[in-house]
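Let's take a walk through this protein together. Have the sequence and the 3D view open as you read.

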Amino acid sequence: MLAAEDIDCYFVSPEGEVLQALDQVSLAVEDGEFVCVVGPSGCGKSTLLRVLGGLDAPSGGSVRLRPGLSVVPPVAFVFQDFGVLPWLTVRANAAFGLRMAGVGRRLSDRVADRWLGRVGLSEFADAYPGRLSGGMRQRLALARAFASGSPVLLMDEPLGALDPQTRVQMQEHLLELWQQEHKTVVMVTHSIDEALLLGDRVLVMSDRPGTVTDTITVPFPRPRTAGIQDTPAFARLRVRVRQALRGSRPGIPAQRTDGADARTDGGTE
Ligand SMILES: Nc1ncnc2c1ncn2[C@@H]1O[C@H](COP(=O)(O)OP(=O)(O)OP(=O)(O)O)[C@@H](O)[C@H]1O
């Protein structure tokens, strides 16, 4: 569905310093696959996502989407800061991707209403996002991405701004939506547990310039529930990802392996 080959990405700072963000990154994502990307802060995860979605042009290499994709736009983004437009109603926000793709108001509103129902926001359809909590805004952002009809969703720390309890609820919600819709997803996250709960594969990136240093297949059958996080197999895989991350960061001291800290940036959940 989505393939990147030998992506290099350089930036020039305002001082004129050349900075390499990505170094020869290659990946291939199957139709309907959920791939999570973890890596140290500043290693180029967001840059990779932007290149995959065509928001940034790579300095070298190429990105290909499955030929013949008839859906416009083929890719929808979900960002950590929700990307909700405060001057549009909740319904208009949910319909935004469709409207941008040229779909008429009546149809896009109907699709938006269906998705607002699925994320539990029907009663707020005519309200403005200012009335929504953080978790509700993120549900709206997900509704907009799913409603857009895009087969590929690129998510950049989509649950990162939520409080821990809301985040757990949203992980379950996202898991449920994805299991019903089978979109192709590439999601950047700082949480190892989130990556293992949601993903089919976890790509581990090195420190900047970021490159993919390890790919871990997540063997847990679907449908999954959050309960798998309490199993010994999950704990073993958590350690495996953590070791891969340590391997990608020479000189970084070992992190805890008791499961209390499952974030790639050393924070807590
Ligand atoms: N437009 C830009 N201009 C200059 N430098 C940039 C630009 N975008 C990103 N960078 C730099 O590229 C590197 C990678 O940034 P990026 O945001 O992709 O990392 P990240 O892994 O997503 O970080 P984090 O986990 O902290 O969100 C960083 O050093 C960043 O400062």
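## Around the ligand

Helix α1 gives the largest share of the shell around the ligand, 3 residues. (Helices are DSSP runs of H or I with at least four residues, strands are runs of E with at least two, and both are numbered from the N terminus.) Both α1 (45-52) and β2 (18-29) supply at least two residues of that shell.

Which residues come nearest to the ligand? Of the 13 residues around the ligand, they are Phe11, Ser41, Lys45, Ser46 and Thr47; being near takes a C-beta atom, placed from the backbone, within 6 Å of the molecule. Sorted by class, the shell has 7 polar, 4 nonpolar and 2 charged residues. Here Ala, Val, Leu, Ile, Met, Phe, Trp, Tyr, Cys and Pro count as nonpolar, Asp, Glu, Lys and Arg as charged, and the others, Gly among them, as polar.

## What you're looking at

This is a predicted model: local features need pLDDT of at least 70 and side-chain atom pairs count only at pLDDT 80 or more, while totals for chains, interfaces and linings use all residues. Residues are numbered from 1 along each chain as its sequence is written.

## The whole chain

The chain has 7 helices and 9 strands. Its radius of gyration is 19 Å, close to the 18 Å from the globule rule for 269 residues, so the chain is as compact as a globular protein of that length. (The radius is taken over C-alpha atoms, and the rule is 2.2 Å times the number of residues to the power 0.38.) Along the principal axes, the C-alpha atoms fill a box of roughly 55 × 45 × 35 Å.

Buried residues make up 41% of the 269. Buried means 20 or more other C-beta atoms within 10 Å of the residue's own, exposed means 12 or fewer, and partly exposed is in between, with C-beta atoms placed from the backbone.

The axes of α2 (residues 90-100) and α4 (residues 134-147) come within 7 Å and cross at roughly 35°. (Axes are lines fitted to C-alpha atoms, for helices over the stretch in contact, with angles from 0 to 180 degrees between N-to-C directions.) By class, their contact has 8 nonpolar, 2 polar and 1 charged residues; two residues are in contact if their C-beta atoms, placed from the backbone, lie within 7 Å.

## A look at Arg240

Arg240 sits in helix α7 (residues 232-247). Is Arg240 buried or partly exposed? Arg240 is partly exposed, because 16 other C-beta atoms lie within 10 Å.
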